[in-house]
Amino acid sequence: PLITIGITSFSRPNLLRKAISSVVRQTYTNLEILISDDCSRNKEIEKVIEDFSNDKRIKFHKHANNLGSCYNAKFI
């Protein structure tokens, strides 16, 4: 079965990189990885996503406005 993993993000590129790296190293491969960014102003977030762009299981959404952590998590 397909397993969905949701990751929320806001201006913490190093932790986002660690979270994504942890998921993509799993031995179970039938995954989709949904990342919801709550309007980070830090351009490094896009660099992190770009670094993982070869993994088609990753789907990234960046909100145009800051929704707050609860609504950002509900988006996933």
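Which element of the chain has the lowest mean pLDDT, and which the highest? In this predicted model, the lowest mean among the elements, 75, belongs to helix α3 (residues 69–75), whereas helix α1 (residues 13–24) has the highest, 97. Over the chain, pLDDT averages 92, and 97% of the residues score at least 70. Where pLDDT is low, predicted coordinates should not be read in detail.

The strands form an open sheet of three members in the order β1-β2-β3, and their pairing is parallel. Because β1 and β3 stand at the edges, each with a single partner strand, one side of each is left without a neighbour in the sheet. Neighbouring strands of this sheet are turned against each other by 15 degrees on average, direction ignored. Strand β2 (residues 31–37) is joined to strand β3 (residues 58–62) over five bridges in the parallel sense; the bridge partners in β3 include Phe60, which is paired with Ile35, and Lys62, which is paired with Asp37.

Two helices are placed against these strands. Helix α1 lies across β1, β2 and β3 and runs at about 170 degrees to β1. Helix α2, for its part, packs on the sheet, where it touches β1, β2 and β3, and its direction makes about 165 degrees with that of β3. Together with β2 and β3, helix α2 (residues 44–51) makes a β-α-β unit, and this unit is right-handed.

The buried residues of α2 are Ile45, Val48 and Ile49. Seen down the helix axis, these buried residues fall within an arc of 95 degrees, and they therefore line one face of α2. The elements that cover the buried residues of α2 include α1 as well as the strands β1, β2 and β3.

Two residues other than glycine, each located in a loop, have a positive phi. Ser11, for which phi is near 55 degrees, lies in the loop between β1 (3–9) and α1, and with a relative accessibility of 29% this serine counts as partly exposed. Cys39, for which phi is near 65 degrees, lies in the loop between β2 and α2; at 15% relative accessibility, Cys39 counts as buried, because the cut-off for that class is under 20%.

Notes. Residues are numbered from 1 along each chain as its sequence is written. This is a predicted model: local features need pLDDT of at least 70, side-chain atom pairs count only at pLDDT 80 or more; totals for chains, interfaces and linings use all residues. Side-chain values use heavy atoms; hydrogens and water are left out. pLDDT is the predictor's confidence in each residue, from 0 to 100. Helices (H or I, at least four residues) and strands (E, at least two) are DSSP runs, numbered from the N terminus. Two strands pair if DSSP finds at least two bridges between them. A crossover is right-handed if, with the strands pointing away from the viewer, the path from the first strand over the helix to the second runs clockwise. Buried means under 20% relative accessible area, exposed over 50%, partly exposed in between (1.4 Å probe, protein chains only). The arc is that of the directions from the helix axis to the C-beta atoms. Contact means heavy atoms within 4.5 Å. Axes are lines fitted to C-alpha atoms, for helices over the stretch in contact, and angles run from 0 to 180 degrees between N-to-C directions.
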